[in-house]
Amino acid sequence: MSADDERRLARVALTWLAEPGTRVVHQLVERLGPVATLDLLLDGGSPDGWLHTTVAARSAAGDARAVAAEALERADRLGARLVTPDDEEWPARVAGLSTLRLPDVTRRVDGETAPPLCFWVRGGWPLGEALDRSVAVVGARAATGYGQHVATELGYGLAERDWTVVSGGAFGIDAAAHRGALNAGGLTVAVLACGLDRPYPMGNAALFDRIADTGLLVSEWPPGADPLRPRFLIRNRVIAGGTLGTVVVEASARSGATQTARRAIYTNRVAMVVPGPVTSAMSVGAHELLREFPKARLVTGVAHVLEEVGRIGADLAPLARGPQRLADALDDEARSLLEVLPRRRAMGVDRLAARAGVDVRTALRKLSLLEELSMVVRRDDGYALTPPAKPKGARQPGSTNTGTAQPLTGDQRP
């Protein structure tokens, strides 16, 4: 076995012995290398008590190197590949997870947030290239119709603009974002919390196959690994740290999506939240993010998202404006004269000037401008507002036309 193969095998074995993200293991690998770290842990030399116990328990179930070799063979049969930091396609951005520290940690899963040792990948795109221009779109599994519509639009719009859409492949918001990107013919990446041959949820198996055909399926766990509950939180740090920003579309009070956003914030990534109805339980977690974190940005569409993650000064979202009206371009004097004109009658220039607070000469000049713009009409007794245009087909005053053909009288017949 070559030295490179030995290092790759050691990384797989270490991921099996201790869950991905284990900080002590990552630090040992950085200092000693994967092979020496594996030898140290298998010899009982772990510097951490709980890790020593975990390694001993896993080792009792099988030989770590043999398990790793079997996983590599299984992946090869699946059409998947192992990607490590030694490979050219390794996504450099995940290195930022080395600085991720969540406050008020009470669970080990929230403290073990180190960068990955390796990835299992299924799909043709190079992983680093796929994640280079990427945005995560995450949210509730029990999504409402509103949330699914928004997530689909975001996925479609981002993919249409050549951004990679990253999510977790779950029901609800995740699936909607993936499908939106696929429908746009764009690139989407599903980061799983289980082996690539154990797609979860099974109801999305067809979606995962579509993603693998045109995008990527990614996991830190070897083939055959089960989707255990803590692994979803471990997985979420990769979604947050591997992308430029995370958009939360609907999240309940207890939601994994909010945990992903928190990991994005504490990794100095952009966290964005789509607001929802205040009457919806699926809006509670999303709105709390906006209240709790001043850095979290409210977004309502693709333009807002691109303004946050795109190039400075080049991806600015247009300002929200109402419909442009002719009166918007008027100066103060012309606008004042327009405001003081009676709605149903004319008024002389002297009275209009007095009511508008301008001199008569200015009033005459501005009224001439308004007349040119067809906003007022001049009459014998002064100026009046131009009457609104009648819609086509409207009855004229005194007309008896009811919209049906009337029989011709004798005098009207040809």
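Aspartate 39 lies in helix α3, which spans residues 34–42; helices (H or I, at least four residues) and strands (E, at least two) are DSSP runs, numbered from the N terminus. This is a predicted model, in which local features need pLDDT of at least 70 and side-chain atom pairs count only at pLDDT 80 or more, while totals for chains, interfaces and linings use all residues. Residues are numbered from 1 along each chain as its sequence is written, and side-chain values use heavy atoms, with hydrogens and water left out.

**Helix α3**

- Aspartate 39 counts as partly exposed because its relative accessibility is 33%, where buried means under 20% relative accessible area, exposed over 50%, and partly exposed in between (1.4 Å probe, protein chains only).
- Although aspartate 39 and alanine 10 are 29 residues apart in sequence, their C-alpha atoms are 9.0 Å apart in space.
- Leucine 41 is in contact (heavy atoms within 4.5 Å) with Leu14, Val25, Leu28, Ser46, Leu51 and Val55, leaving aside residues up to four places away in sequence.

**Nonpolar cores**

- A nonpolar core is a set of buried Ala, Val, Leu, Ile, Met, Phe, Trp, Tyr and Cys residues joined through side-chain atoms within 4.5 Å, and the largest one here has 37 residues, with Leu14, Val25, Leu41, Leu51, Trp120, Ile211 and Leu217 making the most contacts inside it.
- Two or more residues of this core come from each of several elements, including α1 (3–17), α2 (23–32), α3, α4 (49–61) and β5 (188–192), and the largest share, seven residues, is that of α1.
- Apart from this core lies another, of 32 residues, among them Leu131, Val189, Val191 and Ala296.

**Cavities**

- A search of the whole structure finds two cavities of 30 Å³ or more, a cavity being a set of points on a 1 Å grid over the protein atoms alone where a 1.4 Å probe fits but cannot get out, with lining residues having an atom within 4 Å of a point.
- The largest cavity has a volume of about 60 Å³, a volume being the space filled by probe spheres set on the points, which are joined across faces, edges and corners.
- Among the residues lining the largest cavity are Phe119, Leu131, Val189, Val191 and Thr243, and the elements giving two or more residues to this lining are α7 (127–132), β5 and α11 (229–241).
- The second largest cavity, with a volume of about 40 Å³, has a lining that includes Leu14, Glu19, Val25, His26 and Pro115.

Terms used. On a 1 Å grid over the protein atoms alone, a cavity is a set of points where a 1.4 Å probe fits but cannot get out, and a pocket is an open set with protein on both sides within 12 Å along at least five of seven lines; lining residues have an atom within 4 Å of a point.
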